[in-house]
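Here are a few friendly notes on the aromatic contacts, for you to follow with the model open beside you.

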Amino acid sequence: MERARKKLKAGDILLFAAAVVLAFIFIYPVIFALMSAFKSNGDILKSPISFPASFYIQNFKDLFSQSDFATAIVHSVTLTVVSEVLIVCIVPMAAYGIERRGSKMTSFIYSYFLAGLMIPFHLYMFPLFKQMKIFGLFGNMAGPIVCYISGSIAFGTLLYGSFLKGIPLEIEEAAQIDGCTPFQTFWKVTFPLLGPCTGSMVILNGLGIWNDYLMPYLVLPSGKAKTITVEIAGFVGQYSARWDIVFAGTIISIVPAVIIFCMFQKYFVKGITAGAAKG
């Protein structure tokens with residue numbers, strides 16, 4: 001027993017040490033960005049890992065004066081919020097119809113959705129942009145929003161479908177006996193029970209949309225303010241770079257993401273574990 005306890009304690013120590021090392025590896029880039037955001041460009045190039053000698057905030061002033069960063073923030077917020085709202089409205093209903101119907105047609109649609117997870121984005125990127133031009137979605141905010149919604153259906157259907165398997169049908173049948181239509185049953189009875197799953201979807205898709213660079217860079221019109229990530233990347237050139245402004249913009253972009261993640265963290269963990277267990 002004593003040997004087992006010693007082995008267990010040694011294993012716990014190793015796991016704890018590994019967790020500390022991994023946590024430091026993941027948190028160090030954020031710490032480095034935070035330190036560099038309050039240093040001049042010269043100080044960053046001279047001593048990149050040192051702490052700032054003074055509280056230098058000219059970086060943030062230059063960020064807004066040398067770029068249309070305020071408009072970029074509005075664009076990022078608009079893309080993220082509108083896409084998230086539409087995703088939460090569309091994807092759960094698609095998963096609900098597939099899971100509750102259980103017909104050959106819905107099984108085929110479900111397989112068709114899952115097949116989309118196996119195709120890399122870069123493989124169909126050019127045909128996608130060509131279709132966007134045909135439908136008038138290229139060069140405006142509607143283009144990325146439509147792509148974000150369609151791109152989230154495959155994984156969202158898988159996640160919501162796994163979670164729906166754990167919700168008893170008797171609850172929905174009782175609501176229908178009381179006079180609810182299928183539409184009312186879903187939104188008033190079933191959807192509130194999908195809170196943890198919705199929290200997971202909001203975080204996963206929200207962070208992906210907020211940090212996306214390729215889609216806004218290629219789709220939104222050139223010569224105008226785009227999104228936060230695109231505006232920040234504009235300060236890194238082939239022969240010179242304003243790293244002080246880049247890190248200042250990075251910190252500004254991180255703050256909303258951290259706030260959203262802290263708000264939905266418990267729902268995220270619960271939704272992922274519950275979906276995995278029920279699937």
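1. Lys 133 sits over the face of Phe 138, 5.0 Å from the ring centre. A charge counts as over a ring when NZ of Lys or CZ of Arg is within 6 Å of the ring centre and within 35 degrees of the ring normal. Please keep in mind that this is a predicted model, where local features need pLDDT of at least 70, side-chain atom pairs count only at pLDDT 80 or more, and totals for chains, interfaces and linings use all residues. Residues are numbered from 1 along each chain as its sequence is written, and side-chain values use heavy atoms, with hydrogens and water left out.

2. Rings of Phe, Tyr and Trp (its six-membered ring) pair if their centres lie within 6.5 Å; planes under 30 degrees apart are stacked, over 60 edge-to-face, and the rest tilted. That rule gives 16 aromatic pairs. One of them is tilted: Tyr 28 with Phe 32, at 6.2 Å centre to centre and 35 degrees between the planes.

3. Why are Tyr 28 and Phe 32 about one helical turn apart? Because they are four residues apart in helix 1 (residues 2-37); helices here are DSSP runs of H or I, at least four residues, numbered from the N terminus. Tyr 28 is partly exposed at 31% relative accessible area, while Phe 32 is buried at 18% (buried is under 20%, exposed over 50%, partly exposed in between; 1.4 Å probe, protein chains only).

4. Ring pairs also join Phe 24, Tyr 28, Phe 32, Trp 243 and Phe 247 into a cluster.

Definitions and conventions: Helices (H or I, at least four residues) and strands (E, at least two) are DSSP runs, numbered from the N terminus.
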